[in-house]
Amino acid sequence: MITVLLLMTAGTVLGWFIHKRKKILKVSSELTNWAIYLLLFLLGVSVGTNEKILNNFSQIGWQAISITLFAVAGSILTSWLTYIIFFKKNEG
Amino acid sequence: MKGSLIILSFFAGGLLLGMYKLIPSQFIETDYSMYALYILMFLVGIGIGSNKKSLEIIKSINFKIALVPLSVIVGTYIGVSIFALIQDNIGFIDAIAIGSGFGYYSLSSVLISELSGETLGVIALLSNIAREIITLLFTPIFARYFGKLAPIASGGATSMDTTLPIITKYIGSDYAIISVFSGVVLTILIPFLIAIIL
């Protein structure tokens, strides 16, 4: 999604230039929270009016939990390997 | 924690209003959310660019410490790829996108639902909430059996804030900086990764 990436990059560059303008940054961070609230509210509305999702909610829930178990297990194993190879030997 | 509850109550509020048809249909038919997402991503960018703390943390980078978020990304992608292989409901690309939330459920779920659809958005929301809860509950076990980086890996992006207290309690405060570093790097990468993948 090229628009999203361009907007974010533009924001990052602007953020870099205005990093001393505390007041603007505070407003920007408040607006960020409200944009997230609004979008999650809208996601809630579209899920609430979507019969297909509502009827399959338990299946969707189980899929979500299973995928997380795989994600967590995978990342724990690779980080364990990293720990054993690079970190553990430096400890007393 | 207070922040998480506020975020979830907005989702739950929308869900209930939608389910009981308390929203004017005109409101549903007009899609404002894409514009809200554009504004959000611009604001997230400003937050990243202006954050001196994250700049300092990234300057403190060295080979060893950079391996931590890298391990989390690679391990997560290996895990969700195996998941995609063993079932038919969620494809490879979608599984990688959900995994790319790394526990940052608010941003990843709204981004995924706009770029790919609300079903995947809801899965991303629940999945990444689960990642935070699993980390909060099982950090003692992870730290004991899988080394000091395991809770940081499990926490993903949340290892810089919501799960940081429990993580440092079990792996020691000398690893706190690594935990924050890994969380910050993942938080910055998440929107880029999801936008590139979908």
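How much of chain B do buried residues make up? They make up 55% of its 198 residues; "buried" means that 20 or more other C-beta atoms, placed from the backbone, lie within 10 Å of a residue's own.

Before you click on, keep in mind that this is a predicted model, where local features need pLDDT of at least 70, side-chain atom pairs count only at pLDDT 80 or more, and totals for chains, interfaces and linings use all residues. Residues are numbered from 1 along each chain as its sequence is written, while chains are lettered from A and ligands numbered from 1 in the order in which they are written.

**Select chain B.** Colour it by secondary structure: you'll see eleven helices and zero strands (DSSP runs numbered from the N terminus, H or I of at least four residues for helices, E of at least two for strands). The radius of gyration, over C-alpha atoms, is 18 Å, close to the 16 Å from the globule rule (2.2 Å times the number of residues to the power 0.38), so chain B is as compact as a globular protein of 198 residues.

**Select 1–30, then 40–197 of chain B.** These are domain 1 and domain 2, with bounds from an automatic or database domain assignment. Their C-alpha centres lie 26 Å apart.

Key. Buried ≥ 20, exposed ≤ 12 C-beta atoms within 10 Å, placed from the backbone.
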